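Let's work through some exercises on reading a protein structure, one step at a time. Have the picture beside you and try each task before you read its solution.

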Amino acid sequence: MHQWNSVVLGGGLALLLGALLPGQQSAIAPLLPAPAPFDGTLSVLTYNVKGLPWPVALGRASAIAKIAGRLRALRRASRAPQIVVLQEAFTAEAQELGTAAGYRYVAAGPDAGEAADGTPSRADRMFAAGARWWRGETEGRLVGSGLRILSDYPVVAVHRTAFPATACAGLDCLANKGVVMATIAVPGSPAAVDVFDTHLNSRRASRADDQRSTVAYRRQVAALTRFVRANHDPRHALIVAGDFNMGWPTARRTTPLPEARTWSHFPVDVALDAVVRNGRALDGDAAYSHRRAKDLQFFAGGERSKLEVVGVDVPFGRDGDGQKLSDHVGYVARFRLTYRASGPTP
């Protein structure tokens with residue numbers, strides 16, 4: 001596991017090398033309006049931007065540029081999400097989205113060369129022995145995790161780790177998937193927020209058989225749980241977002257949901273589920289994302305603050321012609337972050 005206790009600012013190669021000096025910021029930030037003052041509501045966008053290189057995917061540079069343009073337009077309208085959690089930011093254009101959109105703080109996930117801590121068990125070695133080159137499982141990591149956390153508010157600590165090499169299946173093994181955490185100091189809030197970004201093994205897209213991809217998926221969820229429990233400060237509110245690739249197969253739905261309950265001493269909920277359960281209607285794109293059950297935002301309060309989801313917006317859904325800028329919907333969950341007057345018993 002890798003840890004930084006200073007801020008990663010400004011984009012570019014420095015994101016992969018660790019941290020820049022506190023107080024530095026991206027060159028483009030002064031060209032855009034300053035972030036709106038915190039009014040008690042924290043907005044978090046989770047978005048798999050499909051930042052895949054050519055020839056794996058075509059036309060992505062243009063799509064990423066449009067995503068950056070839309071984020072800039074939201075900022076100019078004082079509607080930009082304060083925190084953005086990205087997946088599949090593999091290309092240079094995707095990695096620079098934070099800078100292009102005027103975010104002052106950027107935390108990067110594991111790069112291609114980072115290895116997970118720990119010694120493989122006998123079960124790990126047995127699973128690894130089933131790796132096959134035609135599924136892309138023996139070629140090593142060709143790209144990093146593709147994870148980025150963008151923030152308008154100061155990032156005061158960053159932790160990250162890659163998933164174990166024995167916790168992947170199929171083509172997903174070509175990326176060094178893992179998890180990154182940013183502790184974000186929200187101005188005017190009594191406590192920080194711990195924000196996690198992750199991307200778990202796909203099912204059909206991995207080209208591995210269901211049994212092998214399910215085993216890899218469960219191993220990744222277990223690694224994610226260990227990481228969250230080791231790094232989350234119980235005083236802070238908690239948000240764990242990303243592309244969970246859960247879907248509706250029973251084997252997958254019964255893995256992350258029970259595990260999530262152990263991530264905090266306080267009740268852990270899912271943003272879209274909570275909105276529906278509270279009787280609020282989801283629009284077409286948000287309802288589509290909810291049915292798909294892949295892009296999730298888990299959340300919980302902390303000892304010093306409460307966190308409650310109050311709404312959902314979809315700045316990255318289908319356009320008027322029915323097209324999307326990615327194969328995922330990017331939605332914003334809006335949370336009310338309030339002070340907990342006395343420390344409750346979890």
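**Exercise 1. Find how strand β4 (residues 105–108) pairs with β5, and over how many bridges.**

Step 1. Strands β4 and β5 pair in the antiparallel sense, over 4 bridges. Here two strands pair if DSSP finds at least two bridges between them. Helices (H or I, at least four residues) and strands (E, at least two) are DSSP runs, numbered from the N terminus.

Step 2. Now place the partners. A107 stands opposite I149 in β5, and Y105 stands opposite S151 in β5.

Step 3. Before going on, note what kind of model this is. It is a predicted model, in which local features need pLDDT of at least 70 and side-chain atom pairs count only at pLDDT 80 or more, while totals for chains, interfaces and linings use all residues. Residues are numbered from 1 along each chain as its sequence is written, and side-chain values use heavy atoms, with hydrogens and water left out.

Step 4. Look at the other pairing of β5. Strand β3 (residues 83–89) and β5 also pair in the antiparallel sense, over 4 bridges, and L86 has R148 of β5 as its bridge partner.

**Exercise 2. Sort the residues of β4 and β5 by the side to which they point.**

Step 1. Recall a rule: in a regular strand the side chains alternate between the two faces of the sheet.

Step 2. In β4, Y105 and A107 are on one side, with V106 and A108 on the other. In β5 (residues 148–151), R148 and L150 point one way and I149 and S151 the other way.

Step 3. Check burial, where buried means under 20% relative accessible area, exposed over 50%, and partly exposed in between (1.4 Å probe, protein chains only). Those four residues of β4 are all buried, so both of its faces are covered. The four named residues of β5 are all buried too.

**Exercise 3. How many residues of strand β7 (residues 178–184) are buried?**

Step 1. The count is 7 of the 7 residues, so β7 is largely enclosed by the rest of the structure.

Step 2. Find the neighbours. β6 and β7 run antiparallel and are joined by 7 bridges, with G178 in β7 as the bridge partner of A162. Strand β8 (residues 193–199) pairs with β7 in the antiparallel sense over 6 bridges, and V179 stands opposite T198 in β8.

**Exercise 4. Which residue forms a salt bridge with R75?**

Step 1. Start from the idea: side chains of opposite charge can pair when their charged atoms come close. A salt bridge is a side-chain nitrogen of Lys or Arg within 4 Å of a carboxyl oxygen of Asp or Glu. The structure holds 9 of them.

Step 2. The partner of R75 is D152, and their closest N and O atoms are 2.9 Å apart. This pair links distant parts of the chain, 77 residues apart: R75 is in helix α2 (residues 60–76), D152 in the loop between β5 and β6 (155–162). Both R75 and D152 are buried.

Step 3. Compare a second case. R318 and D285 meet in a salt bridge through their side chains (3.1 Å, N to O). R318 lies in the loop between β12 (305–316) and β13 (330–339) and D285 in helix α10 (residues 284–292), so the pair ties together parts that are 33 residues apart in sequence. R318 is partly exposed at 38% relative accessible area, whereas D285 counts as buried at 16%.

**Exercise 5. Which residues line the largest cavity?**

Step 1. Learn the term. On a 1 Å grid over the protein atoms alone, a cavity is a set of points where a 1.4 Å probe fits but cannot get out, and lining residues have an atom within 4 Å of a point. A volume is the space filled by probe spheres set on the points, which are joined across faces, edges and corners.

Step 2. A search of the whole structure finds 1 cavity of 30 Å³ or more. About 40 Å³ of space lies in the largest cavity.

Step 3. Its lining consists of R141, F163, P164, A167, C168, D172, A175, K177 and Q220.

Technical notes: 1 Å grid on protein atoms, 1.4 Å probe; cavity = no way out; pocket = protein on both sides within 12 Å on 5 of 7 lines; lining within 4 Å.
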